Amino acid sequence: MMKLKWKGIVAALLMFFGITQAFAETEWQRIKRPVPGEPLPIGSYSNGCIIGARALPLQGEGYQVIRSQKLRYFGHPDMLNYLARLGKKVKVAGLPTMLVGDIAMPAGGRFATGHASHQMGLDADIWLKMGAMSAKQALNPTAILMVNRKLQRVDDRVWTNNQTKLIQLAANDPQVARIFVNPAIKLKLCQTVTGDRSWLRKIRPWFGHDAHFHVRLHCPQGAQYCEEQAAIPAGDGCGAELMSWFEPKQSTTPAPEKQPPVMPILCQQLLDSPDKQQWFAG
């Protein structure tokens with residue numbers, strides 16, 4: 001009996017240390033301040049870093065940053081200017097305050113969990129829940145799920161025209177390359193948007209994203225080390241491509257766990273820099 005008990009304890013410890021290692025910080029997450037220099041996004045949205053990132057002010061006209069203690073409100077100036085513009089449009093439209101979630105870490109780079117992208121300061125999460133919060137509430141806010149996950153449809157008890165308008169305002173900016181939303185949200189927009197529907201082309205269905213949407217900007221002009229994502233298909237994306245997301249998934253053999261891609265050379269050089277200790281300082 002005692003032997004079985006110890007086996008259980010050992011198994012629990014191994015599981016604990018395995019989980020701890022899986023959630024361990026990457027070296028990028030230890031960086032607490034931006035790398036000095038002219039703004040330069042390097043690599044791709046899901047494998048890169050950024051020199052010269054800037055911090056988005058925690059409050060501005062029409063917007064508020066949430067969970068600022070995570071230090072994920074840094075980005076390329078193009079993203080910061082975009083969010084400031086969008087906040088002003090939100091205010092002019094009479095919408096509640098826009099809540100800005102994760103942009104990137106001070107030097108960009110890979111997260112241990114939570115994001116595969118957000119690595120160059122050109123991605124940002126905007127919550128579908130709206131409304132100003134106190135400073136204390138903004139540190140640990142509660143999201144609102146806009147999708148009934150079982151039915152795979154938008155929950156009309158919480159979805160309003162405010163969410164539609166916010167996404168439309170976000171998409172109607174030439175710097176926006178695409179916006180990721182839950183497939184059910186894309187379907188809702190396809191079924192309800194009237195008039196100008198050209199902006200729907202930028203709205204792309206993706207897993208999750210049922211409490212926020214994810215804005216991705218084009219690479220800045222002249223950013224020679226920034227890899228642009230492939231162009232989105234023509235049309236509004238409301239046809240067979242969208243409906244395929246709701247088809248029953250065939251059971252398949254689980255794919256082997258993917259290894260992280262090789263980091264861009266310039267990003268690796270940053271991590272190898274003798275000056276990096278000053279960036280780790282809080």
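How many aromatic pairs does the ring rule count? The count comes to four aromatic pairs, where rings of Phe, Tyr and Trp (its six-membered ring) pair if their centres lie within 6.5 Å, with planes under 30 degrees apart counted as stacked, over 60 as edge-to-face and the rest as tilted. This is a predicted model, in which local features need pLDDT of at least 70 and side-chain atom pairs count only at pLDDT 80 or more, while totals for chains, interfaces and linings use all residues. Residues are numbered from 1 along each chain as its sequence is written, and side-chain values use heavy atoms, with hydrogens and water left out.

**Aromatic cluster**

- Trp206 and Phe207 form an edge-to-face pair, with 5.0 Å from centre to centre and 70° between the planes.
- Phe207 also pairs with Trp245: the ring centres are 4.9 Å apart and the planes stand at 65°, so this pair is edge-to-face.
- The pair of Phe207 and Trp245 links distant parts of the chain, 38 residues apart. Phe207 lies in the loop between β12 (203-205) and β13 (212-217), and Trp245 in the loop between α6 (240-243) and α7 (265-272); helices (H or I, at least four residues) and strands (E, at least two) are DSSP runs, numbered from the N terminus.
- Through these ring pairs, Trp206, Phe207 and Trp245 are joined into a cluster.

**Accessibility within the cluster**

- Relative accessible area is classed as buried under 20%, exposed over 50% and partly exposed in between (1.4 Å probe, protein chains only).
- Trp245 is buried, because its relative accessible area is 19%.
- Trp206 is partly exposed at 42%, whereas Phe207 counts as exposed at 53%.

**Charges over rings**

- A charge sits over a ring if NZ of Lys or CZ of Arg is within 6 Å of the ring centre and within 35 degrees of the ring normal.
- The charged end of Arg153 is placed over the ring of Phe246, 4.8 Å from its centre.
- Over the face of Tyr45 lies Arg216, at 4.4 Å from the ring centre.

**Positive phi angles**

- Most residues other than glycine have a negative phi.
- Arg67, a residue other than glycine, has a positive phi near 50°. Arg67 is located in the loop between β5 (63-65) and β6 (74-75), and is partly exposed with a relative accessible area of 25%.
- His118 is not a glycine, yet has a positive phi of about 60°. His118 is found in the loop between β7 (98-100) and β8 (123-127), and counts as buried because its relative accessibility is 0%.
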